[in-house]
Amino acid sequence: MSTTQPLVLAAELAAAWSDIQAFHQDLPDLASPEALIGESSSACGTRLDFERLLHEAAHGLAAAREIRDTSRAGRYHNRRFLLLASELGLAHPVEPHASSGFSQVTMLGETRERYTETIERLDRALGAHQLAVAGDGANRPFRGPAARHGSSGGGVRVKAVCGCGRNVRVVPSVLAQASIVCGACQQPFRIA
């Protein structure tokens, strides 16, 4: 896999996030686009795309506004999350899922139209990244059945801290794949 490919995808994720910020000024900066490239939580979905980025933006708005939008260790998405998701142009199921609440949001048509160029740009970067990751399949490590079934493998997220004291929760195997660099101080996150 090309070592520049994750950097290109991270840059496109950051640019797409900036496009969302243009419509939602109180959305904080994306601290680590690289963290989105790694493993995903099953509550927020495993597929990385613009719809997933909007989902994460709803969590970003919740953090900025000091709103508790999830419970059960971040798995259950409550009605406060639902309001933020709606604000970002995401539709939601009428009834909550028993274990993940209102996490399964989908992009509205008008939202897709608003971000058409952003979505196309991100889709190209994601496609190139997938090709680079897939390669010929000969050198990929075996990751077990959890990876084949679209989960994060039940990995426990740990606190990682950068030089300026910001922190993220991450599965250690994500940090083993590549460094996650803080957008504020440009220092890598390290497990505390």
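Trainee: Which residues have the most contacts inside the largest nonpolar core?

Mentor: A nonpolar core is a set of buried Ala, Val, Leu, Ile, Met, Phe, Trp, Tyr and Cys residues joined through side-chain atoms within 4.5 Å, where buried means under 20% relative accessible area with a 1.4 Å probe, protein chains only. In soluble globular proteins, nonpolar side chains tend to be buried together. Here the largest core has 27 residues, and L13, I20, F50, L53, L54, L88 and L122 have the most contacts inside it. Its largest share, seven residues, comes from α3. This is a predicted model: local features need pLDDT of at least 70, side-chain atom pairs count only at pLDDT 80 or more, and totals for chains, interfaces and linings use all residues. Residues are numbered from 1 along each chain as its sequence is written, and side-chain values use heavy atoms, without hydrogens and water.

Trainee: What does L54 touch, not counting residues up to four places away in sequence?

Mentor: Contact means heavy atoms within 4.5 Å. With that exclusion, L54 touches I20, L88, L90, M107, T111 and Y115.

Trainee: Is Q21 buried or exposed?

Mentor: Q21 counts as buried because its relative accessibility is 16%. A polar contact is a pair of N or O atoms within 3.5 Å; within protein, one must be able to donate a hydrogen and the other to accept it, and residues adjacent in sequence count only if both atoms are side-chain atoms. The side chains of Q21 and D29 are joined by such a contact, at 3.0 Å. Beyond four places in sequence, Q21 touches L27, P28 and D29.

Conventions: Buried < 20%, exposed > 50% of the residue type's maximum accessible area, 1.4 Å probe, protein only. Helix = DSSP H or I, 4+ residues; strand = E, 2+ residues; numbered from the N terminus.
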